[in-house]
Amino acid sequence: DTPASGRAIAKPPRKAPMFLTRADSDCIATPKTVLRFQAMQSPLKPSVASKVFKFLKKEWNPEDGGSFSFRSDPTAVRRLAHDLVELCAEASMILEMEPAYLKLPSNIFVFGDIHGNFFDLYYFMDKLLLFGDIDMTPHYFLTLGDYVDRGPWSVECVLLCLALKCLSPSTFYMLRGNHEDPMVNGDTMTYGDDCLKAQCTILFGEDTGMTVWDTLNGVFRSMPLAACIDGKIFCSHGGIPRYYGTPENDDRIRVMESKDFPRFRSLFEPLDPSSSLGRDKLERCWVATFDLMWSDPSDEGAELNQWGFGQNDRGESIISFGELAVENFLTTHGMELMFRAHQEKSDGLKLSKSAKCLTIFSSSNYQGHGNGAGVVYVSPTGKVKMIMKEPEA
């Protein structure tokens with residue numbers, strides 16, 4: 001048998017199984033490869049990601065305010081806790097292999113804050129996943145963080161996203177938001193039963209719930225912090241990092257791209273004095289992480305320094321950035337626009353006056369405010385389209 005290239009292909013030995021397959025004229029799949037492929041595809045042995053994804057779809061009831069049927073079944077709850085830990089282990093391995101700063105192509109949908117709002121997350125995904133299958137879907141996804149807290153279905157929202165990440169790691173990308181920090185999502189004094197920690201213990205019980213909460217925060221630690229679409233659109237949860245020193249040597253992107261950029265479990269814990277990075281670099285990476293997750297655009301008339309940065313009403317050490325800071329950052333690094341989340345907007349989307357910063361918020365009726373939810377699509381030609389969803393009645 002001679003392929004199109006003219007090279008002869010050796011015939012298999014007589015004892016070779018019948019399923020030794022020539023995939024094309026230049027490739028032979030060995031019996032071991034075929035068996036492994038069949039095991040991966042077997043409906044009798046679905047991956048934990050596929051299992052969780054199908055389970056959430058089956059159990060979700062959007063009627064009468066929304067509910068999950070499994071929550072009243074103790075056996076199903078215990079089974080989900082087991083699957084969650086297994087899914088998190090798989091997701092952590094995938095996320096740890098990704099850089100802190102992602103470079104992504106267009107033909108991509110970008111989500112902002114989800115905040116435990118399964119209504120809106122499922123609404124958008126149900127329309128954007130072709131035949132309900134991410135592997136058949138011809139576009140990419142980027143979520144900008146804040147999957148948990150405030151809304152009633154924090155566990156289910158983050159599980160759906162992690163399942164999609166594991167089902168198609170090169171299609172679905174997740175950034176970390178400020179609520180993906182144990183000091184925030186474990187703050188029962190501020191958020192009460194609406195924080196992730198409380199929701200985990202209420203759903204799974206005290207001991208298992210604390211294990212689940214700790215496991216999820218282990219995954220959050222591994223998440224990337226920023227992304228760039230087509231080399232033109234900068235994306236993060238909060239905003240851009242401040243200068244570390246003076247702007248003459250602006251290496252903020254280079255720092256984020258460094259392979260040894262550390263992942264912090266919490267931004268509110270002391271820095272590790274034994275880190276091989278050294279105190280100065282560790283502190284610089286901490287500042288960049290903090291700004292990427294926590295900063296906001298400045299209010300009109302706010303006092304800013306000569307580089308366009310100022311204080312933020314959220315608290316000490318949190319910065320705000322003005323039009324000058326955005327313009328300098330984008331121009332220096334050859335970009336045109338930035339996407340960020342972190343703030344509720346009445347229509348779910350808001351473009352800055354300079355048209356250089358777009359805020360995306362993908363959770364409608366946040367805290368009962370009657371706001372809409374927004375998602376953004378970047379086409380292969382670079383055109384940006386805004387999608388808005390009205391709040392549930």
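Biologist: The charged end of which residue sits over the ring of Tyr-243?

Modeller: The model is predicted: local features need pLDDT of at least 70, side-chain atom pairs count only at pLDDT 80 or more, and totals for chains, interfaces and linings use all residues. Residues are numbered from 1 along each chain as its sequence is written, and side-chain values use heavy atoms, with hydrogens and water left out. A charge sits over a ring if NZ of Lys or CZ of Arg is within 6 Å of the ring centre and within 35 degrees of the ring normal. At 4.1 Å from the centre of the Tyr-243 ring is the charged end of Arg-252.

Biologist: How far from the ring centre of Tyr-123 is Lys-389?

Modeller: Lys-389 lies over the face of Tyr-123. From the ring centre, the distance is 5.2 Å.

Biologist: What is the angle between the planes of Phe-268 and Trp-294?

Modeller: Rings of Phe, Tyr and Trp (its six-membered ring) pair if their centres lie within 6.5 Å; planes under 30 degrees apart count as stacked, over 60 as edge-to-face and the rest as tilted. The structure holds 23 aromatic pairs. Phe-268 and Trp-294 form one that is edge-to-face, with 6.0 Å centre to centre and a plane angle of 90°.

Biologist: Is Trp-294 buried or exposed?

Modeller: Buried means under 20% relative accessible area, exposed over 50% and partly exposed in between (1.4 Å probe, protein chains only). Phe-268, at 41%, is partly exposed. Trp-294 has 12% relative accessibility and therefore counts as buried.

Biologist: Which Tyr belongs to the aromatic cluster that includes Trp-60?

Modeller: One aromatic cluster contains Phe-55, Trp-60, Phe-68, Phe-70, Phe-118, Phe-119 and Trp-153, together with a Tyr.
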